[in-house]
Amino acid sequence: MLFRSEHVIAAASGGSDTQPMVAAWMRSENGWVSTGTLDSSLEGQSGFGSSLDMGAGRVAVGASMADGRKGAVEVFAFDGGWTSEAVVSLDTGRDGDMLGASIILEEAHMVVGMPGHDARKGAAGVLFRDDSGAWRYQYKLEPFDSRGNELFGQSLAFDGSTVWV
């Protein structure tokens, strides 16, 4: 669940025969009002909703099990309702990377955890939103000294100037 000023976003993981769901509410004078669901364009058991973050009128929703566990992040924009704006994946992604296991969304930058990357050593991808609105991969954060199975990128934190992985 994610709470940001006037919005609450909550994910339900789904099951073997049901799709995951992400629902949203907005604070009003009369309490909390539903602003609908964020419907994924990803198919199958993608893990949609495995992580959430919100910034600048957008919500980033992790789908760490999408496409052979390569993972993906779907970005939605709010303008009275939620619209899918982009599905972010990495051209260099490999099965098991689990892109989207964790997310930080801050204005035009996004840090996305990939704990399964490189024999589960893990990594975090840094992306930026260019002038055309497309999310572009910038660089990768990796552990300094890793033997594998650390799952670096499973959790992320941000305080406005520093990212902790």
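**Figure 1. The side chains of Asp 130 and Arg 136 make a polar contact of 2.8 Å.** This view, like those that follow, is taken from a predicted model. Asp 130 also makes a polar contact through its side chain with the side chain of Ser 132, at 2.6 Å. Arg 136, at 40% relative accessibility, counts as partly exposed.

**Figure 2. Arg 58, Glu 85 and Arg 129 are linked in a network of salt bridges.** The count of salt bridges in the model comes to 7. In one of them, Glu 85 is joined to Arg 58, and the closest N and O atoms are 2.7 Å apart. Glu 85 lies in strand S8 (residues 82-88) and Arg 58 in strand S6 (residues 58-63), so this pair ties together parts that are 27 residues apart in sequence. Glu 85 also meets Arg 129 in a salt bridge, with an N to O distance of 3.8 Å. Because Arg 129 lies in strand S11 and Glu 85 in strand S8, this second pair ties together parts that are 44 residues apart in sequence. Arg 58 is buried, with a relative accessible area of 14%. Glu 85 is partly exposed at 31%, and Arg 129 is partly exposed at 25%.

**Figure 3. Strands S9, S10, S11 and S12 form an open antiparallel sheet.** The order of the 4 strands across the sheet is S9-S10-S11-S12. Strand S9 (103-106) and strand S12 (135-141) stand at the edges; each has a single partner strand, so one side of each is left without a neighbour in the sheet. From one strand to the next, the twist averages 20°. Strands of a sheet pair through backbone hydrogen bonds, either parallel or antiparallel. Strand S9 and strand S10 (residues 109-114) run antiparallel and are joined by 4 bridges. Within this pairing, Ile 103 has Val 112 in S10 as its bridge partner.

Figure 4. Strands S3 and S4 pair in the antiparallel sense over 7 bridges. An example is Ala 24, whose bridge partner in S4 is Gly 36.

**Figure 5. Phe 3, Trp 25 and Trp 32 make a nonpolar surface patch.** The area of the patch is about 310 Å². Trp 25, one of the residues in the patch, is found in strand S3 (residues 21-28). The relative accessibility of Trp 25 is 31%, and this residue therefore counts as partly exposed.

Terms used. Residues numbered from 1 in each chain as written. Predicted model: local features only at pLDDT ≥ 70, side-chain atom pairs only at ≥ 80, totals over all residues. Heavy atoms only, no water. Pairing = 2+ DSSP bridges. Helix = DSSP H or I, 4+ residues; strand = E, 2+ residues; numbered from the N terminus. Axes fitted to C-alpha atoms, helices over the stretch in contact; angles between N-to-C directions. Patch = residues over 30% accessible without salt bridge, like charges linked within 9 Å, V, L, I, M, F, W, Y side chains within 5 Å. Areas by Shrake-Rupley, 256 points an atom, 1.4 Å probe, with all protein chains shown as cover. Salt bridge = Lys/Arg side-chain N within 4 Å of Asp/Glu carboxyl O. Buried < 20%, exposed > 50% of the residue type's maximum accessible area, 1.4 Å probe, protein only. Polar contact = N/O pair within 3.5 Å; in protein donor to acceptor, adjacent residues only side chain to side chain.
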